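Here are my notes on this model, as numbered points. Please read them with the structure open.

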Amino acid sequence: MIPAWMILILGSAFALGFYDICKKHAVRENSVMPVLFFSTVCGLITLILALLFSGTITEAAVCSWRDFLLILVKAVIVGSSWTFVYYAMRELPISIASPIRASSPLWTFIGSIFLFHEIPTVLQGIGMVCIFCGYVLFSLLGKLEGISFKKHKGIHWIFIGTFLGACSALFDKYLLGSLQMSRITVQFWFSVDLVFLLGTAWLVRAACFGKKHQFQWRWTIPATGILLIAADYLYFYAVSLPETQIAILSLVRRSSCVITFLFGAYLFHDRNIWKKMAALCAILLGILLLALAK
């Protein structure tokens, strides 16, 4: 029987896949910082409305100073990660950017071994290897797009954002697993903190560097924020469950690149799609093995 956390994280991956597609559309030839800020604001509004509707807004808002500061640290890490990733998404094809972003489970897995002593079963290990091989193939195929992994600034940015994202995943396990913090409290204050941090970053960047790209409002800006809130809600729920293995969870969540590949490559007319199908099949096989593992 598939565990509850696996179902939750598969739902998160589905939402995250369409989040990446909307994000790419929102930042394409657009100013990045206002896109990032307004999408985060829309996500926060959606979260507040959901908490009001469910009657849990008071529970979510209750937070000690220690917990608030820890959540603020998470917001700084994630805000930095998103900033690098959003700029990279503007510069790179989505069929290259999303799979590289998905390679973060490698760093998460290494960290989970040392920090949480998580050792996968044989079947889970095979599934993880299959998924990682798919990520590597996706990255290597980027050379067919004429993109130099050593010189392209977009590649540098997305690798930095990916590493920071892996750090955030390990920190989530500490907050929700070790410290047993409320997942809705973490998500609420994390979203509030991000709005202020990204708003400040936007103002500082505009004051120091001016406007290099004109900002254009698009419907995918609020859609990006709403989809991320849905993906994060399912993600935090899964992480808060005691039987959750963070290394496996992170890998499955990053299978969102399958959704991004299928729809994003079509919408944005990316090249070499058929040559990338082998990597896609490796990821699907890995997900199947993880779902069947006990």
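1. Burial terms. A residue is called buried under 20% relative accessible area, exposed over 50%, and partly exposed in between, using a 1.4 Å probe and protein chains only. Glutamine 180, with a relative accessible area of 60%, is therefore exposed.

2. Ground rules. This is a predicted model, in which local features need pLDDT of at least 70, side-chain atom pairs count only at pLDDT 80 or more, and totals for chains, interfaces and linings use all residues. Residues are numbered from 1 along each chain as its sequence is written, and side-chain values use heavy atoms, with hydrogens and water left out.

3. Overall make-up. The protein has 13 helices and zero strands. Helices (H or I, at least four residues) and strands (E, at least two) are DSSP runs, numbered from the N terminus. Of the 294 residues in the protein, 54% are buried.

4. Positive phi in two loops. Most residues other than glycine have a negative phi, and most peptide bonds are trans. Glutamine 180 has a positive phi near 55°. Glutamine 180 sits in the loop between helix 8 and helix 9. Glutamate 29 also has a positive phi, near 55°. The loop between helix 1 and helix 2 holds glutamate 29. Glutamate 29 is exposed because its relative accessible area is 70%.

5. Leucine 175 belongs to helix 8 (residues 153-178). Its relative accessibility is 0%, so leucine 175 counts as buried. Valine 186 is eleven residues from leucine 175 along the chain, and their C-alpha atoms are separated by 8.3 Å.

6. Salt bridges. How many salt bridges does a search of the whole structure find? There are four. The criterion is a side-chain nitrogen of Lys or Arg within 4 Å of a carboxyl oxygen of Asp or Glu.

7. Lysine 23 bridges to aspartate 20, with the closest N and O atoms 3.1 Å apart. The two are three residues apart in helix 1 (residues 4-27), so about one helical turn separates them. Are lysine 23 and aspartate 20 buried or exposed? Both are buried.

8. Two further pairs. Arginine 66 pairs with aspartate 67, and their closest N and O atoms are 2.8 Å apart. Arginine 66 is partly exposed, at 49% relative accessibility. Aspartate 67 has a relative accessible area of 15%, so it is buried. Glutamate 91 pairs with arginine 90, with the closest N and O atoms 3.5 Å apart. Here glutamate 91 is partly exposed at 30%, while arginine 90 is buried at 15%.

9. Cavities. The whole structure has two cavities of 30 Å³ or more. On a 1 Å grid over the protein atoms alone, a cavity is a set of points where a 1.4 Å probe fits but cannot get out; lining residues have an atom within 4 Å of a point. Grid points are joined across faces, edges and corners, and a volume is the space filled by probe spheres set on the points.

10. The second largest cavity. Its space is about 120 Å³. The lining has 16 residues, and those nearest the centre are Thr40, Gly43, Trp82, Leu228 and Ile229. Two or more lining residues come from each of helix 2 (32-54), helix 4 (65-91), helix 9 (183-209) and helix 10 (220-240). Which helix gives the largest share? Helix 10 does, with five residues.

11. Helix 12. This helix (residues 256-267) has twelve residues and reaches 16 Å from first C-alpha to last, close to the 16 Å expected at 1.5 Å a residue. The expected span is 1.5 Å times one less than the number of residues. Its buried residues include Ser256, Cys257, Phe261 and Ala265. Just after helix 12, histidine 269 has a positive phi of about 55°.

12. A nonpolar surface patch. Phe132, Val136, Leu137 and Leu140 make a nonpolar patch of about 300 Å². Patch residues have over 30% relative accessible area and no salt bridge; nonpolar side chains (Val, Leu, Ile, Met, Phe, Trp, Tyr) are joined within 5 Å, and like charges within 9 Å. Accessible areas come from the Shrake-Rupley method with a 1.4 Å probe, and for residues only the protein chains shown count as cover. Leucine 140 is part of helix 7 (residues 122-141). Leucine 140 counts as partly exposed because its relative accessibility is 47%.

Methods: 1 Å grid on protein atoms, 1.4 Å probe; cavity = no way out; pocket = protein on both sides within 12 Å on 5 of 7 lines; lining within 4 Å.
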